[in-house]
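Open the model in your viewer and keep the sequence panel beside it. The stops below tell you what to select and what you will find there.

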Amino acid sequence: MALSSGSAALRHTLRDEAMPGQLVATLIDSTEALPPPHAETVGAAVTTCIAIADGMLDGRNVTSVLRDLSVAAAQWARAGTPLDAVLREVHEGVRLVVGLTFAHTPSRDRETLIDGFRVAMTIADLLCATVTQSYSAAPCDASTSSQDSIRRR
């Protein structure tokens, strides 16, 4: 799946060697929803999601990396990690990447912003759909875990 040609700034952000570490640190610092040992999977999840987004931006086939995310999500479901917590982290990751992208983009015209938003939403949609489908197929009642975490707030 090839995304719009105006996504060069997002591609540059994803390929910044320091970005994955910054993203992992921010997600771990900002989350209460993923207690240990679940928080330990954040780094692997970030790396996988970056690989998917980068592949999509380049128009590469990301099927095998999506499969990796799906397997990881099924493991999170079986471990009792609440689905809402995982989806919240996916969205937070996308938000942080978009923020980093546009903080360093010289052009802030309307079309550039709209194009960046469309690209980010396409990537977020694919990541969230993959995780949700894996949770739905996992051999445990992940929806109960998610409901329990909502009730505790």
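**Stop 1: a pair in helix H5**

Select arginine 88: this residue is partly exposed, with a relative accessible area of 36%. Here buried means under 20% relative accessible area, exposed means over 50%, and partly exposed lies in between (1.4 Å probe, protein chains only). A salt bridge is a side-chain nitrogen of Lys or Arg within 4 Å of a carboxyl oxygen of Asp or Glu. Why do arginine 88 and aspartate 84 sit about one helical turn apart? Because they are 4 residues apart in helix H5 (residues 83–103). Helices are DSSP runs of H or I with at least four residues, numbered from the N terminus.

This is a predicted model: local features need pLDDT of at least 70, side-chain atom pairs count only at pLDDT 80 or more, and totals for chains, interfaces and linings use all residues. Residues are numbered from 1 along each chain as its sequence is written, and side-chain values use heavy atoms, leaving out hydrogens and water.

**Stop 2**

Select Asp54, Asp58 and Arg60: salt bridges that share partners join them into one network. Arginine 60 meets aspartate 58 at 2.6 Å between the closest N and O atoms. Arginine 60 also pairs with aspartate 54, at 3.6 Å, N to O. Are these residues buried or exposed? Aspartate 54 is buried, at 13%. Aspartate 58 is partly exposed at 34%, and arginine 60 is partly exposed at 41%. The count of salt bridges comes to 4.

**Stop 3: the nonpolar core**

Now select Ile52, Leu69, Trp76, Ile123, Leu127, Val131 and Tyr135. Of the 24 residues in the largest nonpolar core, these touch the most other members. Such a core is a set of buried Ala, Val, Leu, Ile, Met, Phe, Trp, Tyr and Cys residues joined through side-chain atoms within 4.5 Å. Helices H3 (42–58), H4, H5 and H6 (110–137) each supply at least two of its residues. Zoom in on isoleucine 52. Leaving aside residues up to four places away in sequence, isoleucine 52 touches Val62, Val65, Leu66, Leu69, Leu126 and Leu127.

**Stop 4: confidence**

Color by pLDDT, the predictor's confidence in each residue from 0 to 100. The chain mean is 74, and 60% of residues reach 70 or more. Confidence is highest in helix H4 (residues 63–78), at a mean of 91, and lowest in helix H7 (residues 142–151), at 46. Where pLDDT is low, the predicted coordinates should not be read in detail.

Terms used:
Contact means heavy atoms within 4.5 Å.
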